[in-house]
Amino acid sequence: MATKKFSAFDSGANATSASRIVGYTNSTTNNNQWTPAELAAGLQEHLPESFIIACSDETTVLTTGTKATFRMPYAFTVTAVRASLTTAGTGANLVTVDINESGSTILSTKITIDATETTSTTAATPPVISDAALADDAQMTIDIDQIDSGGVSAGLKVTIIGYQS
């Protein structure tokens, strides 16, 4: 089910019973039917949610350390992470950000923002998620592990993208 695109579902006009409500059609398969539970599971993966966490104010220069602590409101599967700055850093050092669940990182490659840039989406090295399954009520922290060597970066926000699980 997870590989089906939302746009591939039809109106259900060909459903064969009340327990199977939506059909799937592509160039080789017609009228496979999905139960409401199967449909709900598929929709979770195609309707992502995001948490955007402000980790500093807009103008104060960043420092290292834990910048935000919060609890997950429900179990969540992470599909992407990113970070942004209001003021880009300068110098050789990258702004490096970590996301932790109950004290352990969820990233095998941390989020970086390259010098003179304000987003991690264009970073030379993208982040890698090593623990995508966040538990309900898990304590989460956002840590700045490294700041730019120019000491000017400010306005950090971190975005966690995924779906309820």
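Three aromatic pairs are counted in the chain, where rings of Phe, Tyr and Trp (its six-membered ring) pair if their centres lie within 6.5 Å, with planes under 30 degrees apart counted as stacked, over 60 as edge-to-face and the rest as tilted. In the pair F51 and Y74, the ring centres lie 6.2 Å apart and the planes stand at 45°, so the pair is tilted. The model is predicted; local features need pLDDT of at least 70 and side-chain atom pairs count only at pLDDT 80 or more, while totals for chains, interfaces and linings use all residues. Residues are numbered from 1 along each chain as its sequence is written, and side-chain values use heavy atoms, with hydrogens and water left out.

F51 counts as buried because its relative accessibility is 17%, and Y74 is partly exposed at a relative accessible area of 23%; buried means under 20% relative accessible area, exposed over 50%, and partly exposed in between (1.4 Å probe, protein chains only). The rings of F51 and F76 have centres 5.1 Å apart and planes at 75°, so this pair is edge-to-face. Here too distant parts of the chain are linked, F51 lying in strand β3 and F76 in strand β5, 25 residues apart. Both F51 and F76 are buried. Together, F51, Y74 and F76 form one aromatic cluster.

The chain contains one helix and 13 strands; helices (H or I, at least four residues) and strands (E, at least two) are DSSP runs numbered from the N terminus. Along the sequence the pattern is β-β-α-β-β-β-β-β-β-β-β-β-β-β. Strands of a sheet pair through backbone hydrogen bonds, either parallel or antiparallel. In this analysis two strands pair if DSSP finds at least two bridges between them.

An open sheet is formed by four strands in the order β3-β13-β5-β11, with antiparallel pairing. Strands β3 (49-54) and β11 (133-134) stand at the edges, each with a single partner strand, so one side of each has no neighbour in the sheet. Strand β5 (residues 76-84) is joined to β11 by two bridges, and these strands run antiparallel.

Strand β12 (residues 139-146) pairs with strand β4 (residues 65-71) in the antiparallel sense over six bridges. The bridge partner of G65 in β12 is I144. Strand β6 (residues 95-101) also pairs with β12 in the antiparallel sense, over six bridges. In this pairing E101 stands opposite M140 of β12.

T112 is located in strand β9 (residues 111-113) and counts as buried at 10% relative accessibility. A polar atom of the T112 side chain lies 3.4 Å from the backbone oxygen of T125. Leaving aside neighbours within four places in sequence, T112 is in contact (heavy atoms within 4.5 Å) with L94, V95, T96, S120, A123 and T125.

Over the chain as a whole, 36% of the 165 residues count as buried. Of the contacts with a separation of 6 or more, 72% are between residues 24 or more positions apart. The chain exposes about 8,300 Å², of which carbon and sulfur atoms supply 52%; accessible areas come from the Shrake-Rupley method with a 1.4 Å probe, and for residues only the protein chains shown count as cover.

Notes
A polar contact is a pair of N or O atoms within 3.5 Å; within protein, one must be able to donate a hydrogen and the other to accept it, and residues adjacent in sequence count only if both atoms are side-chain atoms.
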